[in-house]
Amino acid sequence: MSDDFWKKFPAIPGFDCVEMKHRSQMRIYEETKGMTPHEVAEYFHRKAEACSPLAVCETPPSYGKSPKNGTDHD
């Protein structure tokens with residue numbers, strides 16, 4: 001991606017992406033240590049389901065105008 005693209009997203013002062021990644025990995029390690037491989041797979045499956053938009057919303061949201069004819073969706 002071009003430098004112009006990234007200029008749209010200024011740096012957040014005090015935010016350390018690598019440190020955040022290490023904290024996340026340590027939390028996952030602590031939550032999964034002692035689990036069997038099957039239990040770890042179930043752990044990640046549950047976490048993935050919790051992040052799914054379908055877990056929050058059973059029906060897709062309406063995005064307003066139809067791209068084909070510009071009319072409202074019903």
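**A chat about a predicted helical chain**

Modeller: Before anything else, please keep in mind that this is a predicted model; the mean pLDDT of the protein chain is 80, and 70% of its residues reach 70 or more.

Biologist: Okay, and which elements have the lowest and the highest mean pLDDT?

Modeller: Among the elements of the protein chain, the lowest mean pLDDT, 61, belongs to helix α4, which covers residues 53-56, while the highest, 95, belongs to α2.

Biologist: What share of the residues counts as buried?

Modeller: Of the 74 residues in the protein chain, 4% count as buried. The chain exposes about 7,100 Å², and carbon and sulfur atoms supply 62% of that area.

Biologist: Let's pick one residue, then. Where does Thr32 lie?

Modeller: Thr32 lies in helix α2, which spans residues 17-32. With a relative accessible area of 12%, Thr32 is classed as buried, because the limit for that class is under 20%.

Biologist: And what does Thr32 touch?

Modeller: Leaving aside residues up to four places away in sequence, Thr32 touches Val40 and Tyr43. Tyr43 is buried as well, with a relative accessible area of 5%.

Biologist: Changing topic, how many aromatic pairs are there?

Modeller: The count comes to four aromatic pairs. One of them joins Phe5 and Phe9, whose rings are 5.3 Å apart centre to centre with 55° between the planes, a tilted arrangement. Another is formed by Tyr43 and Phe44, at 5.1 Å centre to centre and 85° between the planes.

Biologist: Why is the pair of Tyr43 and Phe44 edge-to-face?

Modeller: The planes of Tyr43 and Phe44 are 85° apart, and an angle over 60 degrees counts as edge-to-face, so the pair receives that label.

Biologist: Last one: which residues do ring pairs link into a cluster?

Modeller: Ring pairs link Phe5, Trp6 and Phe9 into a cluster, and the tilted pair of Phe5 and Phe9 described above joins two of its members.

Conventions. Residues are numbered from 1 along each chain as its sequence is written. This is a predicted model: local features need pLDDT of at least 70, side-chain atom pairs count only at pLDDT 80 or more; totals for chains, interfaces and linings use all residues. Side-chain values use heavy atoms; hydrogens and water are left out. Rings of Phe, Tyr and Trp (its six-membered ring) pair if their centres lie within 6.5 Å; planes under 30 degrees apart count as stacked, over 60 as edge-to-face and the rest as tilted. Buried means under 20% relative accessible area, exposed over 50%, partly exposed in between (1.4 Å probe, protein chains only). Helices (H or I, at least four residues) and strands (E, at least two) are DSSP runs, numbered from the N terminus. Contact means heavy atoms within 4.5 Å. Accessible areas come from the Shrake-Rupley method with a 1.4 Å probe; for residues, only the protein chains shown count as cover. pLDDT is the predictor's confidence in each residue, from 0 to 100.
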